[in-house]
Amino acid sequence: MTLTELSSPDELASFKAANANALICYSATWCGPCRASKPQLEALAAEYAAAGGVVRVAIAYEHNLGESVQADNVRAFPTYALFVGGTEKGRVEGANFDQIRQMVGAAGCEKAIPGVGHSLGGGGEAPLSPGAAREARLAKLGAPPAPAPAPVPAAAAPAPAPAEDSKPDTSKDVEMKDASDAPAAADADVSMADAEDKKEDNAAAGAAKADAEEEKEVEMVDPTESL
């Protein structure tokens, strides 16, 4: 198996000591980017193994390492650390395999791998991995490269709950205002009805008075006038 899984701090220390060039992936089982990028890590380990095994690749999970994670100053997952002769030469936080390759090349590890980098006797470009070849094709087409998954903090604090909306409820005020306007409108309607009834009463009283006056005139006519 080209990707070695380390299950304890002692195995981690032994792996660093036994390999001149050791690439360690600090990972976590609960980390989404770690799980998503593990196939790429396995492919990279196989590539280095096929090139002579000058760089050995291993993965160590934080639940197996305990306090060793803090001792190695791991602040995010995944973190890729390169150890040369037992000394850390660089690290990459996040699943950015282009940066991992650059880190390995900058440390001089790839110079000893046949077919990788430039030989001492002449030039020649290093063969690209499938992922790097795809990025090169996208660059020629003018398409932006795919972003690397963001690293997950080792101790992420929960996001604060959103504050509740403090906007005052005005529906009650509106309903109370409408209720207070209703009696005033009803009083106006009653007043107008009273005025109409009084007007009708006055008209009836006037008609009755006119009838009484007419009857009085009839009674006062002399009955002998017809003789």
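Which residues is Cys 25 in contact with, leaving aside its neighbours within four places in sequence?

**Before selecting anything**

This is a predicted model, in which local features need pLDDT of at least 70 and side-chain atom pairs count only at pLDDT 80 or more, while totals for chains, interfaces and linings use all residues. Residues are numbered from 1 along each chain as its sequence is written, and side-chain values use heavy atoms, with hydrogens and water left out.

**The whole chain**

Show the chain as a cartoon. Its secondary structure comes to seven helices and seven strands; helices (H or I, at least four residues) and strands (E, at least two) are DSSP runs, numbered from the N terminus. In order from the N terminus, the elements run β-α-β-α-β-α-α-β-β-β-α-α-β-α. The chain has 227 residues, of which 25% count as buried. Buried means under 20% relative accessible area, exposed over 50%, and partly exposed in between, with a 1.4 Å probe and protein chains only. Among contacts with a separation of 6 or more, 68% are between residues 24 or more positions apart; contact means heavy atoms within 4.5 Å.

Select residues 3–6 (S1) and 87–93 (S6), the edge strands, each of which pairs on one side only. They belong to an open sheet of five strands in the order S1-S3-S2-S5-S6, with mixed pairing. Two strands pair if DSSP finds at least two bridges between them. On average, neighbouring strands of this sheet are turned by 25° against each other, direction ignored.

Now follow the pairings across the sheet:

- S1 and S3 run parallel and are joined by four bridges; Leu 3 stands opposite Val 57 in S3.
- S3 and S2 pair in the parallel sense over six bridges, and Ile 24 has Ala 58 in S3 as its bridge partner.
- S2 and S5 pair in the antiparallel sense over six bridges; for Ala 22, the bridge partner in S5 is Phe 83.
- S5 (residues 79–84) and S6 are also antiparallel, over six bridges, and Val 84 has Thr 87 in S6 as its bridge partner.

**Strand S2 and Cys 25**

Seven of the seven residues of S2 are buried, so S2 is largely enclosed by the rest of the structure. On one side are Asn 21, Leu 23, Cys 25 and Ser 27, and on the other Ala 22, Ile 24 and Tyr 26. In S3, five of six residues are buried.

Select Cys 25, which is in strand S2. Its relative accessible area is 4%, so Cys 25 is buried. Leaving aside its neighbours within four places in sequence, Cys 25 is in contact with Leu 41, Ala 58, Ile 59, Ala 60, Pro 78, Thr 79 and Tyr 80. For a distance check, pick the C-alpha atoms of Cys 25 and Leu 6: they are 9.9 Å apart in space, with the residues 19 apart in sequence.

**Helix H2**

Select residues 32–50. Helix H2 packs on the sheet and touches S1, S2 (21–27), S3 (56–61) and S5. The direction of H2 makes about 155° with that of S3; axes are lines fitted to C-alpha atoms, for helices over the stretch in contact, and angles run from 0 to 180 degrees between N-to-C directions.

Look next at Lys 38, where H2 has a kink of about 45°, shortly before Pro 39. The bend at a residue is the angle between axes fitted to the seven residues ending there and the seven starting there. The buried residues of H2 are Pro 33, Cys 34, Ser 37, Leu 41, Leu 44, Ala 45 and Tyr 48. Just after H2, Gly 52 takes a positive phi of about 120°.

**The nonpolar cores**

Show side chains for Leu 23, Leu 41, Val 57, Tyr 80, Phe 97 and Ile 100, which have the most contacts inside the largest nonpolar core, of 20 residues. Such a core is a set of buried Ala, Val, Leu, Ile, Met, Phe, Trp, Tyr and Cys residues joined through side-chain atoms within 4.5 Å. S2, H2, S3, S5 and helix H5 (97–106) each give two or more residues to this core. Apart from it lies another core, of 17 residues, among them Leu 6, Ile 24, Tyr 26 and Cys 34.
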